[in-house]
Amino acid sequence: EDVFVGLLWLMHTEPQELMASKSAGHVDCQLTYSYDGRHWLRSLREPFISNRAKGEYGHGCLYPSSMIQAPDGSLRIYSPATRSDHSAPIQPENPDGKPEIAILSYRLRQDGFVKLQASNEAHLITKLLTLNKPALSINARSLSGKILVQISDTDGTPLPGYAFADCIGFTGDDTHWTPRWKLHRDLSRSEEHTS
């Protein structure tokens with residue numbers, strides 16, 4: 001949509017290797033993003049796609065290189081993956097008869113690149129958002145609790161009828177949940193479109 005997503009290959013070298021040009025180590029994938037396709041930012045600086053257990057494909061190196069949207073809306077990420085580390089010579093077949101390289105497929109919830117997870121009750125206050133139209137949708141998953149949304153003015157005071165107490169709580173799994181309030185069906189009746 002309006003954000004570029006990058007899959008950054010990051011090599012973790014072996015400290016014991018004293019060569020000027022390092023080759024030993026493993027490669028994982030971190031998440032990067034950009035608003036213009038030129039200036040890139042890294043998110044949490046931890047693996048977005050982690051290496052797998054020893055002996056499995058993806059233990060040594062992961063090179064995610066394509067991402068497509070499946071018919072159900074989820075994202076599929078495909079990655080060449082090796083069982084050995086970066087310095088190991090590529091062999092067509094290992095002693096166990098299996099090839100060294102395979103293609104792995106990962107499934108990701110639509111727009112599920114980053115999540116906020118609460119173990120109990122939690123509050124999330126967003127930065128000031130100016131809505132271009134009176135509409136709001138949230139990628140939400142709450143299977144045991146309820147999600148409530150409050151719309152406030154620039155001072156943090158809830159708009160009449162849009163407080164947490166007025167919100168119809170959501171329990172379920174929806175990538176485009178539209179918050180509703182008891183007195184108003186949606187945001188179309190709010191005087192200000194700022195949350």
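Student: Which backbone nitrogen does the side chain of Ser34 reach?
Tutor: In this predicted model, Ser34 is found in strand E2, which covers residues 25–34. The side chain of Ser34 reaches the backbone oxygen of His39 at 2.8 Å. At 2.7 Å, that side chain also reaches a backbone nitrogen, the one of Gly37.

Student: Is Ser34 buried or exposed?
Tutor: A residue counts as buried when its relative accessible area is under 20%. The value for Ser34 is 0%, so Ser34 is buried.

Student: Which residues is Ser34 in contact with, leaving aside its neighbours within four places in sequence?
Tutor: The side chain of Ser34 reaches the backbone oxygen of His39, and His39 is on the contact list as well. With the neighbours within four places left out, the residues in contact with Ser34 are Val3, Phe4, His39 and Trp40.

Student: How far apart in space are Ala135 and Ser34?
Tutor: Ala135 is found in the loop between strand E7 (101–108) and strand E8 (138–147). Ala135 has a relative accessible area of 41% and is partly exposed, whereas Ser34 is buried. The two residues are 101 residues apart in sequence, and their C-alpha atoms are separated in space by 24 Å.

Student: How many strands are there in the protein?
Tutor: From the N terminus on, the elements run β-β-β-β-β-β-β-β-β. The protein has zero helices, and its number of strands is nine.

Student: What is the radius of gyration of the protein?
Tutor: For 195 residues the globule rule gives 16 Å. The protein's value is well over that, so the protein is more spread out than a compact globule. Along the principal axes, its C-alpha atoms fill a box of roughly 70 × 35 × 30 Å. The radius of gyration is 23 Å.

Student: What percentage of the residues of the protein count as buried?
Tutor: The protein exposes about 13,400 Å², and carbon and sulfur atoms supply 53% of that area. Buried residues are those under 20% relative accessible area. Of the 195 residues, the share that counts as buried is 29%.

Student: How many aromatic pairs does the structure hold, and is the pair of Trp9 and Tyr63 edge-to-face or stacked?
Tutor: The structure holds five aromatic pairs. The rings of Trp9 and Tyr63 have their centres 4.8 Å apart and their planes at 70 degrees. Planes over 60 degrees apart count as edge-to-face, so the pair of Trp9 and Tyr63 is edge-to-face.

Student: How many residues apart in sequence are the parts that the pair of Trp9 and Tyr63 ties together?
Tutor: Trp9 lies in strand E1 (residues 4–13), and at 44% relative accessibility it counts as partly exposed. Tyr63 lies in the loop between strand E4 (61–62) and strand E5 (66–69), and at 23% it too counts as partly exposed. The pair therefore ties together parts whose separation in sequence, in residues, is 54.

Student: What kind of aromatic pair do Phe170 and Trp177 form?
Tutor: Both Phe170 and Trp177 are buried. Their rings are 4.9 Å apart, centre to centre, with 25 degrees between the planes. Planes under 30 degrees apart count as stacked, and the pair of Phe170 and Trp177 is stacked.

Student: Which ring does the charged end of Arg83 sit over?
Tutor: The distance from the charged end of Arg83 to the centre of the ring is 5.5 Å. The ring is that of Tyr57.

Student: What is the phi of Arg45?
Tutor: Most residues other than glycine have a negative phi. Arg45 is in the loop between strand E3 (41–42) and E4, and at 55% relative accessibility it counts as exposed. Although Arg45 is not a glycine, its phi is positive, at about 55 degrees.

Student: Where is Asp111, another residue with a positive phi?
Tutor: Asp111 is not a glycine, yet its phi is about 55 degrees. With a relative accessible area of 42%, Asp111 is partly exposed. Its place is in the loop between E7 and E8.

Note on methods
Residues are numbered from 1 along each chain as its sequence is written. This is a predicted model: local features need pLDDT of at least 70, side-chain atom pairs count only at pLDDT 80 or more; totals for chains, interfaces and linings use all residues. Side-chain values use heavy atoms; hydrogens and water are left out. Helices (H or I, at least four residues) and strands (E, at least two) are DSSP runs, numbered from the N terminus. Buried means under 20% relative accessible area, exposed over 50%, partly exposed in between (1.4 Å probe, protein chains only). A polar contact is a pair of N or O atoms within 3.5 Å; within protein, one must be able to donate a hydrogen and the other to accept it, and residues adjacent in sequence count only if both atoms are side-chain atoms. Contact means heavy atoms within 4.5 Å. Rings of Phe, Tyr and Trp (its six-membered ring) pair if their centres lie within 6.5 Å; planes under 30 degrees apart count as stacked, over 60 as edge-to-face and the rest as tilted. A charge sits over a ring if NZ of Lys or CZ of Arg is within 6 Å of the ring centre and within 35 degrees of the ring normal. The radius of gyration is taken over C-alpha atoms; the globule rule is 2.2 Å times the number of residues to the power 0.38. Accessible areas come from the Shrake-Rupley method with a 1.4 Å probe; for residues, only the protein chains shown count as cover.
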